Amino acid sequence: MSKQEQDLDELYAMIKDRKENPVKGSYTDYLFTKGLDKILKKVGEESTEVIVASKNNNEELQYETADLLYHLMVLLVEKDLPFDAIKKELASREGLMSKTKDRDEIKKL
Ligand SMILES: N=c1c2ncn([C@@H]3O[C@H](COP(=O)(O)OP(=O)(O)OP(=O)(O)O)[C@@H](O)[C@H]3O)c2ncn1[C@@H]1O[C@H](COP(=O)(O)O)[C@@H](O)[C@H]1O
């Protein structure tokens with residue numbers, strides 16, 4: 001039975017496992033075999049698809065966001081950047097007040 005929600009830590013771990021233990025015919029293995037340029041092209045393509053989907057409807061936005069998150073995870077694994085590092089980075093920002101006074105473009109509004 002498929003799960004209701006994908007855990008992002010588990011997704012990262014699965015992608016990392018695909019890199020360490022390649023599975024022939026797997027899409028993730030295909031990306032790692034093609035290498036960084038291919039992964040970067042996919043991240044760019046999926047980012048554009050998120051932008052276009054945002055204009056259309058939330059069903060498309062949901063689908064394309066999932067594609068982008070998956071490809072970003074592949075990029076993090078390719079670059080050996082742990083997903084925990086991203087979570088720590090986000091956690092370090094929690095509770096921080098945005099400094100709008102430092103931003104000229106906001107001052108002018
Ligand atoms: N979450 C995903 C996921 N999201 C998107 N995709 C793939 O991303 C691709 C995006 O579609 P596109 O049309 O943009 O790309 P394409 O035409 O298939 O291929 P190219 O353009 O790259 O040549 C599709 O082939 C999807 O199957 C994913 N592939 C795998 N996963 C996860 O990774 C796990 C391991 O998957 P495998 O590597 O396939 O075993 C799976 O169990 C999933 O949990």
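I began with the ligand, and I found that the shell around the ligand is made of Leu-11, Met-14, Arg-18, Val-23, Ser-26, Tyr-27, Thr-28, Asp-29, Lys-42, Asp-67 and Tyr-70, where a residue counts as near a molecule if its C-beta atom, placed from the backbone, lies within 6 Å of it. I then looked up which elements give two or more residues to this shell, and they are helix 1 (8-20), helix 2 (27-34) and helix 4 (58-78); helices here are DSSP runs of H or I with at least four residues, numbered from the N terminus.

I noted that the model is a predicted one, in which local features need pLDDT of at least 70 and side-chain atom pairs count only at pLDDT 80 or more, while totals for chains, interfaces and linings use all residues. I also noted that residues are numbered from 1 along each chain as its sequence is written.

I sorted the shell by residue type and got 5 nonpolar, 2 polar and 4 charged residues; Ala, Val, Leu, Ile, Met, Phe, Trp, Tyr, Cys and Pro count as nonpolar, Asp, Glu, Lys and Arg as charged, and the others, Gly among them, as polar.

Next I asked at what angle the axes of helix 1 and helix 2 cross. They cross at roughly 60 degrees and come within 9 Å, the axes being lines fitted to C-alpha atoms over the stretch in contact, with angles from 0 to 180 degrees between N-to-C directions. That makes helix 1 oblique to helix 2, since angles under 35 degrees count as roughly parallel, over 145 as roughly antiparallel, 65 to 115 as roughly perpendicular and the rest as oblique. I wrote down that Ile-15, Arg-18 and Lys-19 of helix 1 make the contact with Thr-28, Asp-29 and Phe-32 of helix 2, contact meaning that the C-beta atoms, placed from the backbone, lie within 7 Å. By type, the residues of this contact are 2 nonpolar, 1 polar and 3 charged.

I turned to helix 5 (residues 83-93), where 0 of the 11 residues are buried, so helix 5 lies largely in the open; buried means 20 or more other C-beta atoms within 10 Å of a residue's own, exposed means 12 or fewer, and partly exposed lies in between, with C-beta atoms placed from the backbone. Just after helix 5, I saw that Gly-95 takes a positive phi of about 85 degrees.

Asp-80 is exposed, with 8 other C-beta atoms within 10 Å.

How values were computed: Contact = placed C-beta atoms within 7 Å.
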